[in-house]
Amino acid sequence: MIMKTLLSLILSCALLHAHSTIDLKTAHQTNPLGVDDTTPRFSWRIDSESQGVTQSGYQILVASSPEQLTPDNADLWDSRRMESNASVATYGGTPLPSSTWVYWKVRTWTGDTPSEWSEPGRFLTALIGSQPSQPFISFKDTSTFHKDRKKLYLPPARYYRGTFKPSKKVVRAIAHASTLGIYDLHVNGTRLVDAYFAPGWTDYRKRAYYNTYDLTSLLADGENAIGAIVADGWYAGYVGYGKFVGYGPHKTGRNIYGKTPALMVELHLTYDDGTHEVIGTDTTWKTSTGPELEADFLMGETYDARKEMPGWASASFDDSSWENAILAKDNGSVVEPFIDKFIEEQREFGFVRPPIMQAYPAQPVRVTQELPAKSVTQLKPGTWIFDLGQNFAGNVRFKVKAEAGQKFVLRFGEMLHPDGRLMTENLRAARATDTYIAKGSSEGETWTPRFTFHGFRYVEVTGFSDEPPLDAVTGLVMHSDTPLASGFECSDPVVNQIFQNAVWTQRANWIELPTDCPQRDERLGWTGDAQIYAASAAIHADVAAFFRKWLRELEEAVTKEGYYPSYAPYPFGHGGDIHGTAWSDAGVIVPHALWMATGDQSFFTDHWPAMTRFMEARKAHDPKLMGTAFGAGWGDWLNLNDPTPHAYVELAYFTLSSRMMAEMATVQGLDKEAAKYRQWVETMRANFRKQYLQADGTIKPESQSAYVLALDCGLLDTPADRKKAGDRLASLIHKKSGPKNTGMTTGFLGTKPLLPVLTDTGHIDLAVAMLQSRQYPSWGYEVKNGATTIWERWNSYTEEHGFGGADGKMNASMNSFSHYAFGAVTEWMITTLAGIAPAEPGYAKIRLHPHFPSVKATKETETISWVKAHHDSPHGRISISWNRQDDGSLLYEATIPPNTTAELTLPKTSPWGGADTGNDVHQLKSGSHRFLVAK
């Protein structure tokens, strides 16, 4: 018996330190294709069932083959054992080779106990320290430049193919490809990857991305073929609201960057004797059109299946009827007038090679989920409405059995009118229509557009004479493939739907950049929306690589003065000015949010010169730091008749950005800069008190958002002032509330921090009541009216006025049902209601501080009585649950991942016990924990 007990103790001690090293990532991605960084970032995490596991060291091996990943053979880097609890390292070996696979693995120590070596990770390098050098090719474009804004011009996609025969046995074949436009690449009849819309959107006059592919396994010993289908995309197609408002060349809204798309492929062959050869695009390539008669990113596709060319990307295909490609530059100069809000000038729209070409640094857009149709309804003879049950962004797989030449037209919308018609008024100038012409296959045929996408829940299909089967239309959910990282459930199903609505809206707008909406003629990377939602985005998904890419576009668009613009990329000017308060602040707030979420300081160190230049330019505009109208007056966008002055908003946001700059300067050791920004904050606080803070603690002007911003941005720094402001804010909401109104009037800027500041100033019950409300305006009102995503406006749809608003005109101008800004409430749901937040950047130390509403916080429904939530941090999953027990006690459970600690704040007695007895603070090590707090 004693021996058995002793054996159990020995086994328990052995298991105590058992751990493994998993989830290897390079540059914030798993096994990425195309890394051109000379010192890429490696990260991993520890997995263990034991309590209190902390990393004490690590060792990384990097090699040019899996076989060489041993301490004696790692030919690129052996870090040796590094004493560190950090689960991240920067490559420190010999210079990385270009156009090859690199393999790495890591082991970690907890105390003196090493893990087994991890499973190898790998990444495919792009061109390290250089750029593709092959020429861009195109077709001989003799068309006249499109000048008629009233007419759509939708040219077909172009097909390109080239053949080559390796001179020796190939052991490695790596291709780097790019377009001015968007493209699919094929090799020997096989489409290479499942990505859409490569190589992404940039300001092509300054920079373009290229993609890297491994073709080795696809090559034949003899003749081989590479093929590409190229469409206009952002380069030459319709962009944003350019057509609607009359921007771009000849005010048409298209050809923003150029007239004619172009293709570049550079293939690096390595032979078995160690020699190399580079093959690229040239005038021996052939080009033609195909079944994509129209292929516009915004307007849609028309596909004639009768024009398909089986085997077109195979070496044996007869391309004798195709014309020879030309060098893109040989289409010559094309100078035309460009017009936007601020300029009218002559510009070159002929081929201009991007001066900088970089490897694409983020996850591509992919289909991540399929949605079967829920119902099909006949609207009128020959017209059918498919309901997919969820508003999303993407495409459909269309399945049909029809006679050759039979035409089917697909139109897309987010909502239906009361009579069942598709609601498309909010699309404005976006046609959002696809057409399929059948080839007449006896076995049936399926089709999915390749060069467009839509934001929709409903699909109207014309062309069926009889009722089509449900599987005629299947929804294909598309977004940048950022892995989901959050979950939330509580006792209120409406609140659960709110959370899901925000996640769905994020996915719908995470297509290449953080767009404002996926359905209408806009799809721009609005910076105000992005800064409001960045912290929420980083909770819901691993968006590090995604934002790293977008921050390049943001810096690329900085004005000559140093201001960040109102959206990025910046194809044309719009609004009162190029930049604007709270919008331009994205250049500071987004890097700060990503640093807090990931612990990666490079989000701001890589952009520090631009960030400091922006702050200095802003200071020059307002040298006394009094707060002044700064740029476009978007302000508290879409507030409900409760505006906040532009100068006030500027003072608040300038203070917020200065606080963040001081934090980021401090961790870089830039003490003088940090002191400068802290002094700016103190000056602006003093100026705020002089201008806006009254003797009785009220703020003039008295908008709800004025109080929210003063509290959130740090203008009120004493507990007494904060308490007075919070109480006054609560009273303003109560004053506006009624039997059918929540009393909330805040817009984009005020709503995101509304519930946090109410909670922080002692009004958790009001915050929860607003979250749970089903009355207008609220998130629950949207759910009550069928929303499966977050709406742009509180009044995007109301029971009294439908889609049009009180004046009947709102729908025609702007009305999106997939707009993530108001979904930032989910940050509060995770960080405050559930109580999961980083106490240190990257969650190395976690703050667990749930907040509990009273039993009768809301009168509309039963108050939330339990919550379950999780977030997948860089160290692993953090999960919590709290539950109000039948006897009024609190049951709280939490699991925190290895290599982290947590500080847990819980009440000393149950929050439903009738008395506030203060809090206890518990220091937790990794593992699972359970607390029962009695009444």
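Helices (H or I, at least four residues) and strands (E, at least two) are DSSP runs, numbered from the N terminus. The structure described here is a predicted model: local features need pLDDT of at least 70, side-chain atom pairs count only at pLDDT 80 or more, and totals for chains, interfaces and linings use all residues. Residues are numbered from 1 along each chain as its sequence is written, and side-chain values use heavy atoms, with hydrogens and water left out.

The chain contains 19 helices and 47 strands. F603 belongs to one of these helices, helix 8, which covers residues 602-605.

The overall dimensions were examined next. The radius of gyration, taken over C-alpha atoms, is compared with a globule rule of 2.2 Å times the number of residues to the power 0.38. For 935 residues, a compact globule would have a radius near 30 Å; the chain has 29 Å, so the two agree. Along the principal axes, the C-alpha atoms fill a box of roughly 85 × 80 × 60 Å.

Buried means under 20%, exposed over 50%, and partly exposed in between, using a 1.4 Å probe and protein chains only. Of the 935 residues in the chain, 62% are buried.

Contacts were counted where heavy atoms lie within 4.5 Å. Among contacts in the chain with a separation of 6 or more, 74% join residues 24 or more positions apart.

Charges were then compared. Lys and Arg count as positive and Asp and Glu as negative, while His and the chain ends are not counted. Each charge is placed at NZ of Lys, CZ of Arg, CG of Asp or CD of Glu. The chain has 91 positive and 105 negative charges, and their mean positions are 3 Å apart.

The structure holds zero disulfides, a disulfide being a pair of cysteine sulfur atoms within 2.5 Å. C517 counts as buried because its relative accessibility is 0%. C713 has a relative accessible area of 1%, so C713 is buried too.

With a relative accessible area of 1%, F603 is buried. Not counting residues up to four places away in sequence, F603 touches H28, A544, R548, L551, P591, L594, W595 and T598. P114 lies 489 residues from F603 along the chain. The C-alpha atoms of F603 and P114 are separated by 31 Å.

Backbone geometry was inspected in several loops. Most residues other than glycine have a negative phi, and most peptide bonds are trans. The bond from A198 to P199 is cis, with omega near 5 degrees. P199 sits in the loop between strand 15 (190-191) and strand 16 (207-214). K700 and P701 are also joined by a cis peptide bond, with omega about 5 degrees. P701 occupies the loop between helix 11 (671-691) and helix 12 (704-713).

Phi of N31 is near 50 degrees. N31 lies in the loop between strand 1 (20-26) and strand 2 (33-35). The relative accessible area of N31 is 36%, so N31 is partly exposed. Phi of R428 is near 55 degrees. R428 is placed in the loop between strand 34 (422-423) and strand 35 (433-437).

D330 lies in the loop between strand 25 (326-327) and strand 26 (335-339). At 42% relative accessibility, D330 counts as partly exposed. D330 and D141 are 189 residues apart in sequence, yet 9.7 Å apart in space, C-alpha to C-alpha.

S773 is found in the loop between helix 16 (764-772) and helix 17 (779-784). S773 counts as buried because its relative accessibility is 1%. Beyond residues up to four places away in sequence, S773 touches T742, S778, G780, Y781 and E860.

G762 lies in the loop between helix 15 (754-760) and helix 16. The relative accessible area of G762 is 58%, so G762 is exposed.
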